[in-house]
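Welcome, and thanks for taking a look.

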Number of protein chains: 2
Amino acid sequence: MPDARSAYAELLTRSKKRSVFGSLGSLLGWDQRTYMPKAGSAHRSDQLALVAGMSHEMATDPRIGELLAIAEASDLVNDPLSDAAVNLREWRRGYDQATKLPQALVEALSRTSSKAYDVWVEARKANDFAAFRPFLEEMVKLCREKADALGWKEQRYDALLDLYEPDAKTREVQALFEPLQRELAGLIRRIVATGKRAEPGILENDYPVAVQETFCAESARAIGFDFDAGRLDVTTHPFCSTIGPGDVRLTTRYDPRCAWSALYGTLHEAGHGLYNQGLDPEHRGTPRGASVSLGIHESQSRMWENLVGRSRAFWQFFLPRAQAAFPVLKGKSLDAMVFAANESKPSLIRVEADEATYNLHIILRFRLEIDLIEGRLQPADVPGAWKSTMKELLGVDVPDDRRGCLQDVHWSGASFGYFPTYALGNLYASQFLEQAKSEIGDLDPMFAKGEFRPLLDWLRLKIHRPGKTRRAGPLCQHLTGKPLSHQPLMRHLNAKLGALYNL
Amino acid sequence: MPDARSAYAELLTRSKKRSVFGSLGSLLGWDQRTYMPKAGSAHRSDQLALVAGMSHEMATDPRIGELLAIAEASDLVNDPLSDAAVNLREWRRGYDQATKLPQALVEALSRTSSKAYDVWVEARKANDFAAFRPFLEEMVKLCREKADALGWKEQRYDALLDLYEPDAKTREVQALFEPLQRELAGLIRRIVATGKRAEPGILENDYPVAVQETFCAESARAIGFDFDAGRLDVTTHPFCSTIGPGDVRLTTRYDPRCAWSALYGTLHEAGHGLYNQGLDPEHRGTPRGASVSLGIHESQSRMWENLVGRSRAFWQFFLPRAQAAFPVLKGKSLDAMVFAANESKPSLIRVEADEATYNLHIILRFRLEIDLIEGRLQPADVPGAWKSTMKELLGVDVPDDRRGCLQDVHWSGASFGYFPTYALGNLYASQFLEQAKSEIGDLDPMFAKGEFRPLLDWLRLKIHRPGKTRRAGPLCQHLTGKPLSHQPLMRHLNAKLGALYNL
């Protein structure tokens with residue numbers, strides 16, 4: 001058996017190899033959603049399945065367990081913030097998770113996801129929940145089994161949440177979401193009561209796609225995205241995919257009648273991209289050089305999309321540029337533009353929701369998911385629960401399942417536990433930005449001049465470069481001196497929307 | 001130990017897995033040359049090296065040798081044209097090849113290629129043969145070792161040629177090229193003596209790139225390329241890459257002053273693409289469902305590019321379409337267009353050479369390669385040998401090495417043995433097309449109406465669908481009743497160029 005240092009060295013080599021190998025899957029996925037011809041999909045499934053299977057094999061090699069045991073029993077872990085201790089902590093987590101899941105369950109989840117996705121696409125199109133129901137039932141069953149295989153103490157949903165947001169507990173997230181929901185509901189009620197609407201001609205008009213493409217790329221470049229180490233392409237569902245260091249790819253989609261979904265989609269994905277471009281290249285292929293969690297990742301995308309991209313200061317800089325690109329914006333005032341970029345109204349579709357109401361869409365899904373996983377809600381009753389919860393939280397009547405419980409892809413892919421990270425990201429973003437401002441000073445005059453680098457440098461130093469040194473909770477405590485809270489986000493929304501709606 | 005049928009079944013499974021795994025490398029390579037951002041190249045090298053290393057591991061697993069021995073000793077090989085016998089024959093070839101090469105040599109070749117490529121790129125730019133010379137020397141040395149490791153009987157070059165054109169012998173290729181060179185030289189001398197030139201305004205004019213893109217894609221579609229199962233993108237060096245069944249990707253490059261290099265590049269790559277789209281999907285991932293050899297592959301690309309795409313009948317159909325796309329062609333006659341598409345003149349650069357002189361560029365490289373590998377020519381003497389052979393074969397003075405012996409990428413990548421397959425492709429193409437016409441009837445009236453399907457169907461049936469059932473030589477004998485000969489190509493060139501130049 002090797003000594004602790006040799007064991008650690010071998011674990012490093014294996015980690016880097018697994019990382020390069022896993023990145024094959026990233027390229028397969030990116031290509032599948034951008035350029036792959038449609039008849040290539042059967043072979044693509046074979047490629048993805050092979051890479052997934054071999055990745056799982058590499059991740060569960062018993063040799064890893066032996067090496068971990070040796071290294072963990074040494075002084076390598078004395079300083080829990082050292083590179084070695086951080087890597088060992090995260091390798092242990094990954095190894096335990098991977099080895100806890102029986103191969104049969106992994107395969108059943110993968111097989112069912114594949115089918116469920118196809119069924120979901122058709123069911124959504126046809127507004128046919130009955131067609132999707134058996135797959136949702138199977139998914140819930142398999143995810144309950146998965147949670148039990150992974151293990152949990154307080155409640156079953158914890159095990160799934162932990163997959164996407166390590167160490168997060170359902171009870172704690174509920175405690176964050178409860179006041180958030182209450183305060184948001186009040187804010188939104190007051191907004192709705194004003195009846196105030198964006199000036200016509202901004203949100204909908206003629207926005208030539210070719211011009212949007214250039215404008216979006218320039219906007220991403222302006223906030224710091226490096227196009228020598230990345231790309232921007234077109235897809236149906238925007239995403240950010242990292243193929244490797246120096247290769248971070250964004251996608252967005254263009255609507256010739258509205259430039260803003262493409263712009264904010266680009267800023268959002270560029271926020272993810274900036275995080276990945278900012279990871280420490282010296283530690284690539286190891287946890288020390290990887291992002292913290294989905295919630296922290298989302299904090300970066302939401303920060304650039306919403307906190308920066310919808311600010312008045314941002315538009316002070318960008319409006320003249322947007323007016324040069326899109327003649328239809330000539331004569332529109334800064335006030336009108338900022339209001340349009342922040343218009344808030346309860347709506348049916350999560351991905352089209354504004355910055356404030358968005359969080360209630362997440363809280364709805366979080367509540368339903370917990371009830372499904374804990375067995376308190378039957379899949380057959382999801383459409384009804386969706387409708388009543390939408391009414392309760394947003395005051396909206398859901399006309400059909402297509403625009404209700406069939407709108408999201410996540411459940412077809414077994415991603416129970418994923419949704420809450422979106423709202424956690426909003427909370428982290430606000431709390432981080434408050435802290436950044438308290439350290440750097442007022443950022444708005446900088447944004448108004450197109451200077452986004454001071455904020456990016458702060459994020460790089462405090463969040464991107466340290467990688468997984470700290471998990472999300474400790475990172476938040478370390479950076480802001482406080483645990484995560486709903487208050488910074490509410491302060492931000494109350495201030496911005498309060499001013500725009502004269503509340 | 002398994003019985004013969006179980007052994008064969010396991011070999012099938014392994015073959016399909018290796019094929020899917022290898023196709024990861026195809027996507028990596030395609031992406032590297034189309035969309036990868038430049039800072040992604042270091043990670044891309046890591047990905048490619050990992051896939052290559054793991055592929056080699058899979059291909060040399062001793063278990064394959066054991067299984068082969070069992071299956072080969074059974075009645076599975078009784079009928080040499082049966083699927084099982086074909087697969088076993090080719091697996092044996094691949095396994096023996098892979099296991100004969102020492103790991104150290106494989107790694108040295110890969111390491112040196114990587115460096116040599118970078119050096120070659122710079123050396124070509126700077127017209128600096130001295131910089132490339134040590135790498136050429138190392139490459140020749142390693143390729144001689146490789147040939148010796150693979151084994152040969154008559155001469156060392158046979159072992160390298162066999163890698164690209166299985167069973168081909170240097171002596172036989174020399175016997176084909178000798179009369180080809182003699183007859184071509186005579187034809188080209190007579191052409192040069194006419195002094196006849198293409199009508200101005202066709203070869204060079206304004207050809208907007210966006211229009212070229214549409215025109216090239218429509219041309220590929222017209223000859224049968226399926227865009228539901230493929231793509232056409234832009235690169236510096238056109239190629240065809242098959243990611244998998246249903247996913248065949250072509251690339252070309254556009255010159256705004258000349259539409260024809262993009263068009264013929266597209267037709268050439270589409271010829272490769274049609275072959276790959278025509279392979280039997282039932283046998284995918286096995287030799288029975290794979291292409292025969294580089295020479296046979298090239299016969300398909302050259303057939304569509306030259307024999308079809310430069311024919312008068314092709315232009316009867318395409319000229320009105322080209323005139324609709326490119327206003328500068330209005331008023332140009334069919335005669336003028338056909339002449340321009342076939343203009344023949346000795347030139348310096350292989351990839352820009354016309355259909356007739358092209359073969360002499362290949363013969364030059366073939367002669368130099370043999371002499372290098374057999375030790376009769378020193379790398380230091382290559383520039384001189386290049387110049388004197390160009391003078392001898394094409395009557396051309398080579399002004400510098402950039403346009404001489406530094407023009408091609410092949411030697412930097414250890415691809416000694418590859419060049420002759422280009423000219424073999426021309427020979428096979430002509431012999432196959434003569435046969436197709438003798439079976440189907442006169443194809444020209446069909447081409448003139450845009451009916452390319454009868455030819456494609458013949459190629460599908462006779463060449464694409466049978467996969468590797470027969471190797472190149474036996475396939476040619478089987479289809480045409482004769483061994484490969486230079487005569488069909490010379491008959492074709494003498495007839496076409498004789499008419500165009502009034503010889």
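## Salt bridges and their surroundings

A search of the whole structure finds 90 salt bridges over all chains, a salt bridge being a side-chain nitrogen of Lys or Arg within 4 Å of a carboxyl oxygen of Asp or Glu. Before we visit a few of them, please keep in mind that this is a predicted model, in which local features need pLDDT of at least 70 and side-chain atom pairs count only at pLDDT 80 or more, while totals for chains, interfaces and linings use all residues. Residues are numbered from 1 along each chain as its sequence is written, chains are lettered from A and ligands numbered from 1 in the order in which they are written, and side-chain values use heavy atoms, with hydrogens and water left out.

How confident is the predictor? The pLDDT, its confidence in each residue from 0 to 100, averages 97 in chain A, where 100% of the residues score at least 70. The model as a whole scores ipTM 0.94 and pTM 0.95.

| Salt bridge | Closest N and O atoms |
|---|---|
| A:Glu90 and A:Arg471 | 2.9 Å |
| B:Arg89 and B:Glu90 | 2.8 Å |
| B:Asp148 and B:Arg156 | 2.9 Å |

The pair A:Glu90 and A:Arg471 links distant parts of the chain, 381 residues apart. A:Glu90 sits in helix α4 (residues 83-100) of chain A, and A:Arg471 in the loop between α18 (453-464) and α19 (472-480). Helices here are DSSP runs (H or I, at least four residues), as are strands (E, at least two), numbered from the N terminus. Both A:Glu90 and A:Arg471 are buried; buried means under 20% relative accessible area, exposed over 50%, and partly exposed in between (1.4 Å probe, protein chains only).

B:Arg89 counts as partly exposed because its relative accessibility is 27%, whereas B:Glu90, at 9%, counts as buried. Likewise, B:Asp148 is partly exposed at 38%, and B:Arg156 is buried at 14%.

Salt bridges can also join up: A:Glu10, A:Arg14, A:Asp61 and A:Arg63 are linked in a network of them.

## Buried residues of chain A

Which residue is buried yet has no salt bridge? A:Glu165 is such a case, and the nearest side chain of opposite charge, A:Arg93, is 8.8 Å away. For charge, Lys and Arg count as positive and Asp and Glu as negative, while His and the chain ends are not counted. A:Glu165 is found in the loop between α7 (156-164) and α8 (170-194). Its side chain makes a polar contact with the side chain of A:Ser293, at 2.7 Å. A polar contact is a pair of N or O atoms within 3.5 Å; within protein, one must be able to donate a hydrogen and the other to accept it, and residues adjacent in sequence count only if both atoms are side-chain atoms. Leaving aside neighbours within four places in sequence, A:Glu165 is in contact with residues including A:Leu294, A:Thr421 and A:Tyr428, where contact means heavy atoms within 4.5 Å.

A:Arg288 lies in the loop between α10 (260-277) and α11 (294-308), and it counts as buried because its relative accessibility is 12%. A polar atom of its side chain lies 3.4 Å from the backbone oxygen of A:Pro466. Among the residues that A:Arg288 touches, not counting those up to four places away in sequence, are A:Asp83, A:Asn87 and A:Lys468.

A:Leu456 lies in helix α18 and, at 0% relative accessibility, counts as buried. A:Leu456 touches A:Ile223, A:Gly224, A:Leu274, A:Trp304 and A:His464, not counting residues up to four places away in sequence.

## How the chains relate

Chain A can be laid on chain B with an RMSD of 0.0 Å by a turn of 179° and a shift of 0.0 Å along the axis, with copies superposed by least squares on the C-alpha atoms of residues with pLDDT of at least 70 in both. That is the relation of a two-fold axis. In chain A, the C-alpha nearest the axis belongs to A:Leu24, 3.6 Å from it.

Terms used
pLDDT is the predictor's confidence in each residue, from 0 to 100.
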